[in-house]
Amino acid sequence: MNDLPPSSPFESTPAWALWKNPLMLRFIRSRMRPRTAFAWILGVLMLSSFFFLTTYYTAINHGLLSARDAARAAVLPILFLQGLLLMLIATGSVAGGVVEDKVAGTLDYQRLTPMGPFATLVGFLFGLPIREYVLFALTLPFSVFAIWVGKIPVGSAAAYYGVFLSASILYHLTGLAAGLAAKRWRFATRLTQGMVLLLYLVLPQFSHLGLYFFQYLTVRPVLMDTIIPLVHESIPTQASELQPRGPVAFFDLEVSPLVFSLILQGLLSLMFLTICVRKWRDAECHVLSKTQSLTVFVLLTTLALGTIWPVITGNTELTLPILGTMSGARITPEVAATLPLLLSCFLLLSAMVLISIATPTHGEILKGWRNTFQKNRWLLSPLRDEAPSGWFALAIAFVAAFALTTEMRTLHLNGILAFELLDWTQWIGIPLALVVPILVFHASVSLIEPGRTATYLMLVWGMPCLIGIFVSAALSWHETAIYIAALSPVSHLLYAATRIIPFDPDSHPFAFWNTTGRALWIGLSLHTLSWFAISFAFFRKHHRLKIQAKD
């Protein structure tokens, strides 16, 4: 006879109940051990006190600034230190902590517990950087003092810290997704920290090319609109180049930088959360499903087109490093050719990344057919990760061509591109120059498998361009170099953009213009034929995999 009391059913911890989350309690104990935590706390307090008090009292005691202006100046090093803690160090802690659990095997053990995926991910997301959150909290009294004495509006401070915390969570989700998805786990921490530095140092430079939505993944635009104007008011000689940016021009709308930043960061956070949930439920699945990847591409296309749209319609200005500031009807034909080229390059790069994510290996296709036959089914669902991604590549190509055609039509309606001066081979060349490389890349990756993509890109896409540059520079065979470079699919975009620039038939560049036109159509024809051949070869490979799975 069993005298043991009946076991009570396990009640899963809600995702929002952080104080009950076992992972949260575990990381508080491990990350806040007195010896290590004391060293971090002491270091942060020393640095924040030194920078804040030195700036504040030096300005006051030497009569350089008033108390209000000194407090505003002293808040800048505190903001920098807070960003360093939560955005860089904490992101590395999240990625590194997940990798440590993956190597130790405790991550697989955690999957066996009855905790839900959201509660588990929340425990990792807020538990791993708990030390950095505590250190961030220790710097807040300096911020509060600066806000109070510097008479910084509470609304401005709340807007800045709202975007600051939103961006921090986004970067932590990036680290969590990298730790769960990275096959080379040794590089996960450095990869995520490198991405944060990329966001702040490199991607904002794309704003000069019209793709300025990248900088709204950081706190910089809101900082320029909230805190920096107050510092500029107090210290105009030291902040003269940091001007407020004003509303964000998106299509025909004007959106607040705060709202635009929160929406953009929220969408990207949702994408990384989706990656984390998928990888937690199935470590072998793709990072994103085909429908999710297509949704991401549509959003990226909308963002790129929406930010360049006001430039075309004349509602805002575009500043290019060489060509200067342009807007609306003031856009010259040369700049008008670069706008479709920039959008095409961005869409091609995005399409290549997402196609590499969604395309299954031959082993995954074989596994998918075996599972299908074991369930007495005869059709592999095209939405599954193991299914070939042909429809996905066609959908990507259609969305890209639609966006590019929309941009060119808008350029025409605003009097920037005169289609009546071009024949159909000129204005249709740009969409084809984008669609054909996308389809060729997908067919090639499907046949050779995604793991060999880098080698394929270097040999087939990169080498013809390098040889063409060498032939042109060293041997001065310029026309031959154009034809050699046309063997690379990426050269089609440049050639097609060149074709819509009107040249005087009697001018010297007209011969170059004709040569690029012939090279463009020769290259497009060759790569279209190669797409058919590679697709046929993959179809035969897929048929053999299906027969192998059936047997």
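**Salt bridges and helix packing in a predicted model**

Arg 518 is partly exposed, with a relative accessible area of 42%; buried means under 20% relative accessible area, exposed over 50%, and partly exposed in between (1.4 Å probe, protein chains only). The structure is a predicted model, in which local features need pLDDT of at least 70 and side-chain atom pairs count only at pLDDT 80 or more, while totals for chains, interfaces and linings use all residues. Residues are numbered from 1 along each chain as its sequence is written, and side-chain values use heavy atoms, with hydrogens and water left out.

Confidence is expressed as pLDDT, the predictor's confidence in each residue, from 0 to 100. The protein averages a pLDDT of 84, and 83% of the residues score at least 70. Helices (H or I, at least four residues) and strands (E, at least two) are DSSP runs, numbered from the N terminus.

Side chains of opposite charge can pair when their charged atoms come close. A salt bridge is a side-chain nitrogen of Lys or Arg within 4 Å of a carboxyl oxygen of Asp or Glu, and by this rule the count comes to 9 salt bridges. One of them joins Arg 518 to Glu 479, with the closest N and O atoms 3.9 Å apart. This pair links distant parts of the chain, since Arg 518 lies in helix H21 (residues 509–550) and Glu 479 in helix H19 (residues 478–485), 39 residues apart. Glu 479 is partly exposed, at 43% relative accessible area.

A network of salt bridges links Arg 68, Asp 69, Arg 72 and Glu 233. Within it, Arg 68 meets Asp 69 at 2.9 Å, N to O. Asp 69 counts as buried at 12% relative accessibility, whereas Arg 68, at 27%, counts as partly exposed. Arg 68 also forms a salt bridge with Glu 233, where the closest N and O atoms are 3.7 Å apart. Arg 68 lies in helix H3 and Glu 233 in helix H10 (residues 228–234), so the pair ties together parts that are 165 residues apart in sequence. Glu 233 is partly exposed, with a relative accessible area of 48%.

Helix H3 (residues 67–104) also packs with helix H7 (residues 154–181), at an angle of about 20 degrees and with their axes 8 Å apart. Axes are lines fitted to C-alpha atoms, for helices over the stretch in contact, and angles run from 0 to 180 degrees between N-to-C directions. H3 and H7 are therefore roughly parallel to each other (angles under 35 degrees count as roughly parallel, over 145 as roughly antiparallel, 65 to 115 as roughly perpendicular and the rest as oblique).
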